[in-house]
Amino acid sequence: MSALETEIQHTGRRLLAQAGHSRPALYRGLTGALLARVMDAPPLRDSLFQLVDTLPQLRDNADIARHLQAYLDTVPDENRRGWISHLLNLAARPSLGWSVWVFARQLGKRFLCEETEKDLSRLLAELGKVPARVTVDAVGETVLSETEADAYLQRNLALLDWLARQRESQGAPHLSIKLTALTSRFDPLDAEGSRERVLSRLTPLLEAANRHGATLTVDMEHYELKDQILALFLYLVEHYPGNWQPAIALQAYLPDTPADLERVHATALRLGRRLGVRLVKGAYWDQEQAWAAQRDWPAPTLQDKAATDAQYERLTVWLLERSDALHPAIASHNLRSQAVALTHARRLGLGAQHWEAQMLLGMAEPLRAALAAEGVPLRLYVPTGDLSTGIAYLIRRLLENTASSSILRQTYVDGVDQDALLAAPQPLPIEQPTAPNAAPGSVSNLPLLDFSRPDVQARVTAALAEIRTQLPLHYRQAPSMETPATCFSARNPAAPDEVLGYIDLVTPAQADAAVGKAKAAFPAWRDTAVAERCRILRRAADLMVAERHSLAALEVLEEAKPWRDADADVAEAVDFLRYYAAQMEALQGDAPGGWRTTKDFPGESNAWAYAPRGIAVVIAPWNFPLAILCGMTSAALVSGNCALMKPALPALLVAQALHRILLAVGVPPEVLQLLPGDADVGQALVRHPAVNIIAFTGSRQVGLSILQAAHSPAPEQRHIKQVVCEMGGKNAIVVDADADLDDAIAGILASAFGYSGQKCSACSRVIAVEAVHDRLLQRLAEAADSLAWGPPENPANDHGPLITTAARDKALGYIEIGRYEGRQVWQGKVPDLGWYVPPTIFADIQPQHRLAREEIFGPILAVMKAPDFAAALALAQDADYALTGGVYTRLPQHLALARDHYAVGNLYLNRRITGARVGVQPFGGIALSGTGIQAGGPDYLKQFLWSRCVSTNTMRHGFMPTPTP
Ligand code: FDA
């Protein structure tokens with residue numbers, strides 16, 4: 001053991017000797033006994049933490065008791081034996097619900113201080129005895145609106161003012177702030193706008209901090225925002241000189257952090273300004289893992305706790321050695337981590353002005369007393385607020401105190417021995433996994449682009465610029481006397497005077513000729529090996545991935561898709577290609593010709609196989625211009641059919657790109673033909689007697705007319721046409737009384753206004769249970785106000801215009817209807833130029849109103865009220881459509897009720913209702929939304945196939961040869 005390590009061990013043992021005998025308050029008394037019990041029973045822990053999470057939203061004793069009972073019912077019997085079972089059963093009596101509330105409040109008070117002068121003064125006096133100073137943090141709900149951001153600023157100004165008056169005991173005031181709470185739109189795609197919005201609120205706070213010589217520490221949040229937060233911090237340091245002390249928290253669980261520290265240090269040296277760095281391990285580890293897995297992005301954090309601890313130690317030393325330029329705050333409750341800091345601080349001869357240790361209120365009190373006894377300058381992080389505002393913070397602390405990797409649990413509950421507690425961390429010698437979601441054999445979805453990365457943003461910017469050099473694009477036919485072409489001009493919906501391209505439309509006669517060509521090409525394509533057809537699809541997917549930035553850029557211009565939506569559409573198209581290739585292989589099986597035996601008898605063999613139907617007409621909409629057209633077309637092709645693509649007029653340029661890609665990878669031109677045309681062409685194709693399949697996605701009116709036409713055979717037609725039909729929706733989100741409103745509001749806004757409401761999955765009705773209706777409506781309107789509407793080419797805009805003048809006029813008409821039927825509670829502002837419709841929210845909509853019944857396809861949201869959850873669910877289902885639906889509730893029975901009885905194709909619980917992923921959330925509805933067979937699901941391809949069975953008598957005068965397949 002090195003001399004230094006020996007010294008660390010000595011320091012650690014000294015600290016332990018002082019700290020080890022008493023337990024932190026959290027682990028004592030009833031709370032301690034309860035926590036100890038739940039740590040042994042994770043299902044019990046999960047259910048009680050879920051209850052705590054829901055509590056602020058519950059109205060009365062009975063409601064609390066009902067939730068407690070419901071959560072307990074999900075816990076297996078073996079986890080709730082003995083005294084805890086009696087206690088919890090008692091608390092679950094309707095008359096004793098208050099006891100749960102009292103207990104939770106007491107628990108909350110261990111970690112949070114009420115934001116009143118009285119409570120703060122009392123706490124400061126108590127902490128003065130440690131002795132410790134404080135940094136105060138106004139904890140809050142997620143900031144969803146600028147009103148809420150204003151409130152956050154006002155709280156901080158008041159806290160700063162109050163702290164300035166405590167200078168005698170506290171020294172200069174010290175605040176911890178979250179930059180994301182200073183604006184409701186903190187988005188890496190709008191870094192400049194985010195900075196302006198944050199600065200507009202931060203300026204008065206900085207002025208006050210300057211007056212008082214206060215320290216402002218910027219808390220670090222999720223990884224996706226890390227670079228933006230750091231950049232903004234460095235901007236502040238550079239552009240706001242003065243008497244205030246800037247500091248930032250950086251997380252040791254990130255491999256990026258050493259480089260980030262170098263940046264902070266370089267800035268400090270360059271400006272000659274000492275900067276504070278709070279070194280933490282990182283509070284969002286579990287969430288980062290979950291989000292990375294869901295998105296199939298590499299996990300941004302280290303995977304091994306010991307690796308985090310080891311990096312923490314290295315960075316502690318690095319910081320302490322630079323304490324002339326930086327002011328290190330070593331923020332940890334880990335005995336070993338603090339022993340390392342203390343040992344090195346002593347070795348370097350650092351005093352109170354050079355560094356400090358920081359801890360959270362309510363955590364590791366014995367260690368903080370031991371550090372204070374060693375003369376370590378100590379600061380406690382005091383979150384202020386009540387249980388309602390601080391619930392997310394409280395849950396984080398409870399999780400941290402009960403996690404098996406937590407040092408506090410190991411020290412004070414699990415009784416890990418001294419040597420182990422003080423042992424130097426030994427990271428595992430393995431590489432970081434990069435794609436946690438890649439299950440072997442599964443078709444993984446193409447991960448969406450990470451727009452927090454400047455290089456990714458730059459590639460889309462470059463792709464947009466590149467396309468602009470090619471405009472207008474030309475898709476013209478060779479001039480012909482017999483069929484003079486009608487030319488269609490593709491326009492930019494955000495700037496309708498701008499023509500993006502010219503495309504000649506085909507005539508019904510040309511469409512007829514195309515069917516003839518396809519008919520001739522069919523036998524060869526049918527007989528092309530399935531393996532080859534699958535290879536072609538996969539090659540197309542690869543080519544699309546290579547072109548993903550320019551394809552997305554084209555959608556931004558042609559369909560006015562915001563960047564994220566455009567990228568998601570391209571990724572979905574890639575997913576369809578890969579998924580249907582895999583599905584076709586599975587349907588084909590391994591046997592030659594795809595023949596599978598049903599049952600063989602002596603003298604008789606029986607086998608069946610799938611066969612393609614023939615010619616598929618694909619009629620696709622413009623709202624997912626690549627994904628839907630590609631999905632239906634690739635399904636037709638891979639199953640051996642010829643495909644005639646008839647895309648919607650506002651999506652002809654994207655369709656040309658798809659056509660080019662599929663031909664480039666080897667689909668024969670007669671097998672796949674692109675027929676840009678108007679409704680006459682669509683009708684001619686649907687009625688054509690040689691067509692076998694019509695794959696349609698679009699409006700109910702057209703869908704129903706296609707079904708009718710397709711099922712009225714022409715005299716010379718010798719088959720029944722198969723119609724694959726996806727239509728619209730009038731989708732509702734139900735918000736229950738106990739819903740998490742932060743989540744519900746974010747989910748509603750994304751679902752209702754994403755791509756300006758032009759998704760068939762969009763939410764157009766919110767049905768709120770009475771108890772939560774008014775509060776939801778108010779926050780929803782405030783939050784909607786912070787969204788930006790403008791040309792999607794500028795990624796700072798969240799939403800753009802509608803697709804055509806006709807779409808705009810229709811939506812504007814519904815706004816007039818809404819004003820007559822209901823009460824307009826909010827309307828957004830949109831630019832004058834372009835086919836924009838002001839997003840609008842109406843309340844007091846009744847079930848019989850047109851706004852509650854008709855599909856609008858625009859940014860118009862109808863809010864309805866229901867007396868209770870069951871009534872809300874009934875209202876949600878009272879529609880001609882049944883495509884998507886959503887429910888925000890935290891009561892297990894209500895989740896089960898929705899799952900079992902809310903009969904829509906895609907039901908989303910406690911999340912937004914748009915954004916289905918191929919193979920993960922097969923998509924499509926029933927009722928007048930569709931036929932119930934979902935795209936991107938295991939049954940979809942079968943619609944493009946028929947199955948045939950062959951029975952062979954193999955007996956020859958009593959002799960039975962072994963059957964050949
Ligand atoms: P301990 O030694 O038990 O470490 C627990 C930590 O290890 C986890 O929080 C996680 O970071 C890491 N970990 C757990 N499992 C892991 C695994 N499998 N692989 C890799 N790493 C793993 N946090 C934050 O993100 N932003 C902030 O601004 C702040 N601010 C802050 C201020 C103050 C004063 C304190 C004391 C703490 C913070 N934190 C924070 C919280 C901090 O990041 C951390 O969550 C807790 O302090 C727990 O870490 P300890 O060192 O105390 O405990």
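1. A term to start with: a cavity is a set of grid points where a 1.4 Å probe fits but cannot get out, and its lining residues have an atom within 4 Å of a point. Please keep in mind throughout that this is a predicted model. With that definition in hand, the largest cavity is lined by 14 residues, and those nearest its centre are Gly757, Ala762, Ser764, Ile856 and Phe857.

2. Staying with that space for a moment, the volume of the largest cavity is about 100 Å³. Its lining is made up of 6 nonpolar, 5 polar and 3 charged residues. In total, the count is 2 cavities of 30 Å³ or more.

3. The second largest cavity has a volume of about 70 Å³. Its lining includes Leu16 and Ala19, along with His333, Asn334 and Leu335. Helix H1 (3-19) and helix H18 (407-412) each bring at least two residues to the lining, and H18 gives the most, with 3. By class there are 7 nonpolar and 3 polar residues, and no charged ones.

4. One residue is worth a second look when you have the structure open.

5. Now to the ligand itself.

6. Which residues place a polar atom 2.8 Å or 3.0 Å from an oxygen atom of the ligand? For Gln251, a polar side-chain atom lies 2.8 Å from a ligand oxygen. For Lys305, a polar side-chain atom lies 3.0 Å from an oxygen atom of the ligand. Met220 takes part through its backbone instead: a backbone N or O atom of Met220 is 2.9 Å from a nitrogen atom of the ligand. On its own the ligand exposes 930 Å², and the protein buries 93% of that area.

7. H28 gives the most, with 6 residues. The lining divides by class into 23 nonpolar, 11 polar and 7 charged residues.

8. Next, some backbone geometry. Most residues other than glycine have a negative phi, and most peptide bonds are trans. Against that background, the bond joining Val130 and Pro131 is cis, with omega about 0°. Pro131 sits in the loop between helix H7 (117-128) and strand E1 (133-138). The peptide bond from Leu471 to Pro472 is cis as well, with omega near -10°, and Pro472 is in the loop between helix H20 (454-470) and strand E9 (473-475).

9. Where does Ala560, with its positive phi of about 55°, sit in the fold? Ala560 is in the loop between helix H23 (548-558) and helix H24 (563-588). Ala560 is not a glycine, despite that phi. Its relative accessibility is 1%, so Ala560 counts as buried; the cut-off for buried is under 20%.

10. Is Asp844 buried, partly exposed or exposed? Its relative accessible area is 35%, so Asp844 is partly exposed. This residue also has a positive phi, near 60°, without being a glycine. Asp844 is found in the loop between strand E22 (840-843) and helix H32 (850-853).

Definitions and conventions: Residues numbered from 1 in each chain as written. Predicted model: local features only at pLDDT ≥ 70, side-chain atom pairs only at ≥ 80, totals over all residues. Heavy atoms only, no water. Polar contact = N/O pair within 3.5 Å; in protein donor to acceptor, adjacent residues only side chain to side chain. Areas by Shrake-Rupley, 256 points an atom, 1.4 Å probe, with all protein chains shown as cover. Helix = DSSP H or I, 4+ residues; strand = E, 2+ residues; numbered from the N terminus. Nonpolar A, V, L, I, M, F, W, Y, C, P; charged D, E, K, R; others polar. 1 Å grid on protein atoms, 1.4 Å probe; cavity = no way out; pocket = protein on both sides within 12 Å on 5 of 7 lines; lining within 4 Å. Points joined across faces, edges and corners; volume = space filled by probe spheres on them. Buried < 20%, exposed > 50% of the residue type's maximum accessible area, 1.4 Å probe, protein only.
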